[in-house]
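Welcome to my notebook. I am going through this structure a piece at a time, so please look along with me.

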Amino acid sequence: MLVSAKEMLQKAKAGHYAVGQFNINNLEWTKAILLTAQENNSPVILGVSEGAGKYMCGYKTIVGMVNGMLEELNITVPVAIHLDHGSYDGCMKCIEAGFSSIMFDGSHYPIEENVAKTRELVAICAEKGMSLEAEVGAIGGEEDGVVGKGECADPNECKAIADLGVDMLAAGIGNIHGKYPENWAGLSFETLDAIQALTGDMPLVLHGGSGIPEDMIKKAIDLGVAKINVNTECQLAFAAATREYIEAGKDLQGKGFDPRKLLAPGVEAIKATVKEKMELFGSINKA
Ligand SMILES: [Zn+2]
C-alpha cells in the first residue's frame, strides 16, 4: 500500500539516516527500484517529474502501475509516490490521481506567493493524508527546462515555509541537478547548519544527489538531511549497461533482440545503483 512520506522521513531524521527518492521513467525503472527496496528492507520514495508523468501517459497510469506492482510483487516496505518539482496545477492533478506525496516547487515565485500557494496545499494534503515538500532557493542545473543557478536558500525564508506545516523542505545549498561541473564549489554546510538550526525537526531534502561525494552526503545527513533525490545516476547506469549489451553484439545473437533480454542489463544496473545509494544513506533494514 502506498503511504505518505511523512512518517518514514520523521523516523529517518530521528535515526540519522536518509530515505532515497529515486525517479522513475517506465515499468523497468519502477520494478527495479521496488524490488531493491524490498530486498533490502528499506523505505523508498518513487519520484515522478512532470515530464516523466507525461511520458508515462499521465499520473493515473503511474498510480495504477505502482499499485499493481505493490500487490503482484508482494512489496511490504513503505513506498511513497511523490511528484517531483510540481507546479501548482501538477500538484492538483497528482492529488486527484492518488499520489501519496507531492512537492510544490514555488521557488521561482516571490516568497509571499510561494507562502500563499504552499499554505493552500498544506491544508489539502493534511485532509488527504498526503505529505508535502516545499522548496526554498532554486536548486542549480536543469530539470525539465527549469534552470537554476545553485543559489543558497535564506534560512529565514526556510523557517517561514517550514512553519506553514509542510512535511519536508528542500533548500538550495549549492546543489545542482544533473552532472556536477568540474569547478563546482561543493555543498554549503554553513547554510545547511543555519537552516537546520531554525527548522528543528523538519526533515530536509537534498536534491541533485547524483555525483555528490560520499563524505559530503554523510555530512549532510548528520546536519539534518533525511531525503536525498537520485535521478541522473540511475539513468547513466541504465544507459551504460544497455550500451555494453548492444556493443557486444548480444542483441544480434539468438533472441537477444527480445526487449525482456535487451533491457535486463539496464534493470540490473539500476538495482545495483539503488542498493549502493541505500547503503550510503543508511536506510537498509529501516522499513
Ligand atoms: Zn530536484
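**Entry 1: a pair of helices**

Is the crossing of α2 and α12 left-handed or right-handed? I looked it up in this model, which is a predicted one, and the crossing of α2 and α12 is right-handed. I noted where the two helices lie: α2 covers residues 27–39 and α12 covers residues 264–281. They pack at an angle of about 40°, and their axes are 9 Å apart. The two helices are therefore oblique to each other.

Next I listed who makes the contact. From α2 I wrote down Glu28, Trp29, Lys31, Ala32, Ile33, Leu35 and Thr36. From α12 I wrote down Gly266, Val267, Ile270, Lys271, Val274 and Lys275. Sorted by class, the contact of α2 with α12 has seven nonpolar, two polar and four charged residues.

**Entry 2: the nonpolar core**

Which residues touch the most other members of the largest nonpolar core? I found that the core has 73 residues, and that Ile33, Leu46, Ile102, Leu169 and Ile270 touch the most other members. Two of those names were already in my first entry: Ile33 of α2 and Ile270 of α12 are both part of that helix contact. I also checked where the core residues come from, and the largest share, six residues, comes from α12.

Leaving aside neighbours within four places in sequence, I found Ile102 in contact with His82, Leu83, Gly86, Cys91, Cys94, Ile95, Met130 and Leu132.

α5 spans residues 88–97, and α4 and α5 pack at an angle of about 40° with their axes 9 Å apart. That makes α4 oblique to α5. I noted their crossing as right-handed. By class, I have four nonpolar, no polar and two charged residues in the contact of α4 with α5.

**Entry 3: a loop residue**

Is Thr76 buried or exposed? I first found its place, in the loop between α4 (59–72) and β3 (79–86). Thr76 has 12 other C-beta atoms within 10 Å, and 12 or fewer counts as exposed, so Thr76 is exposed. Last, I looked at Thr76 and Asn41: they are 35 residues apart along the chain, and their C-alpha atoms are separated by 8.6 Å.

Definitions and conventions:
Residues numbered from 1 in each chain as written. Predicted model: local features only at pLDDT ≥ 70, side-chain atom pairs only at ≥ 80, totals over all residues. Axes fitted to C-alpha atoms, helices over the stretch in contact; angles between N-to-C directions. Helix = DSSP H or I, 4+ residues; strand = E, 2+ residues; numbered from the N terminus. Parallel < 35°, antiparallel > 145°, perpendicular 65-115°, else oblique. Left-handed = near helix turned anticlockwise from the far one by under 90°. Contact = placed C-beta atoms within 7 Å. Nonpolar A, V, L, I, M, F, W, Y, C, P; charged D, E, K, R; others polar. Core = buried A, V, L, I, M, F, W, Y, C linked by C-beta atoms within 7 Å. Buried ≥ 20, exposed ≤ 12 C-beta atoms within 10 Å, placed from the backbone.
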